[in-house]
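Here's a quick tour of one model, taken a feature at a time. Have the structure open as you read.

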Amino acid sequence: MIKVAVSGALGRMGTMIGRIVDDAPDLELVGGTDIREGTLFGKEVVPSARIDAFLKETEPDILIDFTVAAAAVENIRAAARNNVALVVGTTGFSPEQGEIIRSAVEGSVPAVISSNFSVGVNIFWELVREAARELGDYDIEVTEAHHRYKKDAPSGTAKTILQILDQELGEREKVYGRAGMAERKGEIGVHAIRGGDIVGDHTVLFAGNFECIEISHRAYDRAVFAQGAIRAARWVIGKEPRIYTMQEVLGIR
């Protein structure tokens, strides 16, 4: 039985993850943390400031974090201090926060950290990589859309797309939205849409003379991210203490 704790337990993703864990015969929900007290399927949710005491009391095998960047950094450090494995789906980390996370995790606990836990998105990234290898002389535009409450832009998934493009094509200028008079050159255009209850849409456009190729992924329900996070949680237990990707979980690369 794998004992699971959830950070951001009272949020939309935290509640969905809690439901999946509570229903799974091989997983045990031990509670969670959030900005306020509450309960998650009968288990106590404590304020995030008490995370160290909570982890010591409940002794989870793994902590699943879908919060915000500043909170996630502290949750990750607490998990590493208490020898608790991690699955982190929070996005929007600064480079400095990324270094803090790496320092806390490497050599201490195994952690799967990904900007997107959807199986489909991880396949989508590989398709983008292959297209970039063949279509590097095409104009490239990246568009993403999310619900009105998402704070970071562009999304973590879009940032991963840009990293893949840079890996395959060399680093190119990024233009975030366009306004005024501007001649297109070799830059990559990046566009973020926020509205309604859009779960997550991502498209990469490769535009050449006389043809365009679009590679897209659309999520219709947050369950795809929650199910992927649970898959990663089962996989990472017992692994060597370092940071893993979702692609490693899936055996893609």
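Is Phe41 buried, partly exposed or exposed? Phe41 comes out as partly exposed, since its relative accessibility is 35% (buried means under 20% relative accessible area, exposed over 50%, partly exposed in between, with a 1.4 Å probe and protein chains only).

## Ground rules

This is a predicted model, so local features need pLDDT of at least 70 and side-chain atom pairs count only at pLDDT 80 or more, while totals for chains, interfaces and linings use all residues. Residues are numbered from 1 along each chain as its sequence is written, and side-chain values use heavy atoms, with hydrogens and water left out.

Helices (H or I, at least four residues) and strands (E, at least two) are DSSP runs, numbered from the N terminus.

You'll find Asn83 in the loop between helix 3 and strand 6 (85–88), and with 58% relative accessibility it counts as exposed.

There's a cis peptide bond too, joining Ala153 and Pro154, with omega at about -5 degrees. Pro154 belongs to the loop between strand 8 (139–146) and helix 6 (156–169).

Two packed helices are described by the angle between their axes and the distance between the axes. Axes here are lines fitted to C-alpha atoms, for helices over the stretch in contact, and angles run from 0 to 180 degrees between N-to-C directions. Take helix 1 (residues 12–23) and helix 7 (residues 223–236): their axes come within 9 Å and cross at roughly 55 degrees. The two are therefore oblique to each other (under 35 degrees is roughly parallel, over 145 roughly antiparallel, 65 to 115 roughly perpendicular and the rest oblique). The crossing of helix 1 and helix 7 is right-handed, which is to say the near helix is turned clockwise from the far one by less than a right angle. Helix 1 brings Met13, Met16, Ile17, Ile20 and Val21 to the contact, and helix 7 brings Ala223, Phe225, Ala226, Gln227 and Ile230 (contact means heavy atoms within 4.5 Å). That splits into 9 nonpolar, 1 polar and no charged residues (Ala, Val, Leu, Ile, Met, Phe, Trp, Tyr, Cys and Pro are nonpolar, Asp, Glu, Lys and Arg charged, the others, Gly among them, polar).

Now helix 2 (residues 51–58) and helix 3 (residues 69–81), whose axes come within 10 Å and cross at roughly 40 degrees. That makes helix 2 oblique to helix 3, and this crossing is right-handed. Ile51, Asp52 and Leu55 of helix 2 meet Asn75, Ala78, Ala79 and Arg81 of helix 3, giving 4 nonpolar, 1 polar and 2 charged residues.

## Aromatic pairs

How many aromatic pairs does a search of the whole structure find? It finds 2 (rings of Phe, Tyr and Trp, using its six-membered ring, pair if their centres lie within 6.5 Å; planes under 30 degrees apart are stacked, over 60 edge-to-face and the rest tilted). Phe66 and Phe117 form a tilted pair, 6.0 Å centre to centre with 55 degrees between the planes. These residues are 51 apart in the chain. Phe66 is buried at 17% relative accessible area, and Phe117 is buried at 1%.

Trp235 and Tyr244 are edge-to-face, because their ring centres are 5.2 Å apart and their planes lie at 80 degrees. Trp235 is partly exposed at 23%, whereas Tyr244 is buried at 5%.
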